[in-house]
Each structure stands twice: as structure tokens, then as C-alpha cells.
Amino acid sequence: MTLESPKTHTQKSQEELFNFLSNVDNYKSIMPESLENFKKIDDESFLFQLKGMPEIMLVIKETTPHNQVVLGAKSDKLPFTLIADIEEAQEGSDVQLQFNGEFNAMMGMMIKGPIKKFIATLSENMGKL
């Protein structure tokens, strides 16, 4: 399953946004309002939980300076990646999130809506930075 957020413009430069997304401490500030729990595990990973959802641990898997940050699930139960593609833009930068996951059909139907909303909210909140 592949889902994409709308492309969002932010006032941060491409380098500033890349540095922001490369620091796990910053993810708490762009999470949806339904955030119930957020905990930094180490410099590469964090755990979060939204209302009505299980806890999810994400780890920074890969970075391509100033263009891309790839987060991945730390657990193999729900294998997925969340990719932030960052492009230089006039007066700031543009970011688009892409979610890639391998789920059975039933699981895919159950989580597609909430995940689409989640990545749209993350993207929207980055636009407010």
C-alpha cells in the first residue's frame, strides 16, 4: 500500500526542514492533536500513540542530506516506511510524505483511512513551521 500526502509549502529552507526532520525530538510538535503518548527512545527513534491506536515505534532508517528523511517501523509486525521528500522552493521548501507498507487486504482496508489522515496532518503541521 502506498499513500501520499499533498505537497506542502513551508517557510523553512530545504536545509532547515531536513535538519528539523532529522531530529526525533521535533516530531512531537507536528503530531496530530489526538496524540496520547510521545517518548524519545534515542537519537534515532521514538515511540508515539494516537487515541484509539496502538503504540508505534519509528526509527530514522536513512537520510539523504537535504532531500529526504526515511522513517521506518521498528517492529516487523507492521512493516512500513514513511518518507519525507523535501524540495527547495521559492521562499522556503516543499515537502511531501509517502507511506509504504505491506499489509494483508483486511488490514489495509482498516488502516488506509487513518493513515491517510495521519500523513496529511503531519504534512499540514509542517506547513505551519
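This report walks through the core, the salt bridges and a few individual residues of a predicted model.

Residues are numbered from 1 along each chain as its sequence is written, and side-chain values use heavy atoms, with hydrogens and water left out. Because the model is predicted, local features need pLDDT of at least 70 and side-chain atom pairs count only at pLDDT 80 or more, while totals for chains, interfaces and linings use all residues.

Let's start inside. A nonpolar core is a set of buried Ala, Val, Leu, Ile, Met, Phe, Trp, Tyr and Cys residues joined through side-chain atoms within 4.5 Å; buried means under 20% relative accessible area, exposed over 50%, and partly exposed in between (1.4 Å probe, protein chains only). The largest such core has 33 residues, and Leu21, Tyr27 and Phe48 touch the most other members. Among the elements that each supply at least two residues are helix H1 (14-21), strand E4 (45-50) and strand E7 (80-89). Helix H2 gives the most, with 6 residues. Helices (H or I, at least four residues) and strands (E, at least two) are DSSP runs, numbered from the N terminus. Counting contacts as heavy atoms within 4.5 Å, and leaving out residues up to four places away in sequence, Phe48 touches several residues, including Met31, Leu35 and Phe118.

Ser93, in strand E8 (residues 92-101), is buried at 0% relative accessibility. A polar atom of the Ser93 side chain lies 2.8 Å from the backbone oxygen of Lys12.

Now to the charged pairs. The structure holds 4 salt bridges, each a side-chain nitrogen of Lys or Arg within 4 Å of a carboxyl oxygen of Asp or Glu. Three of them are listed here.

| Pair | Closest N and O atoms |
|---|---|
| Lys7 and Glu87 | 3.2 Å |
| Asp25 and Lys40 | 3.3 Å |
| Lys128 and Glu124 | 4.0 Å |

In the pair Lys7 and Glu87, Lys7 lies in the loop between strand E1 (2-4) and strand E2 (8-10) and Glu87 in strand E7, so the pair ties together parts that are 80 residues apart in sequence. Lys7 is partly exposed at 46%, as is Glu87 at 39%. Asp25 and Lys40 also belong to a salt-bridge network with Asp43. Lys128 is exposed, with 61% relative accessibility.

One backbone detail is worth a look: Glu91, in the loop between E7 and E8, has a positive phi near 55 degrees. Most residues other than glycine have a negative phi. Glu91 is exposed, with a relative accessible area of 62%.

How values were computed: A polar contact is a pair of N or O atoms within 3.5 Å; within protein, one must be able to donate a hydrogen and the other to accept it, and residues adjacent in sequence count only if both atoms are side-chain atoms.
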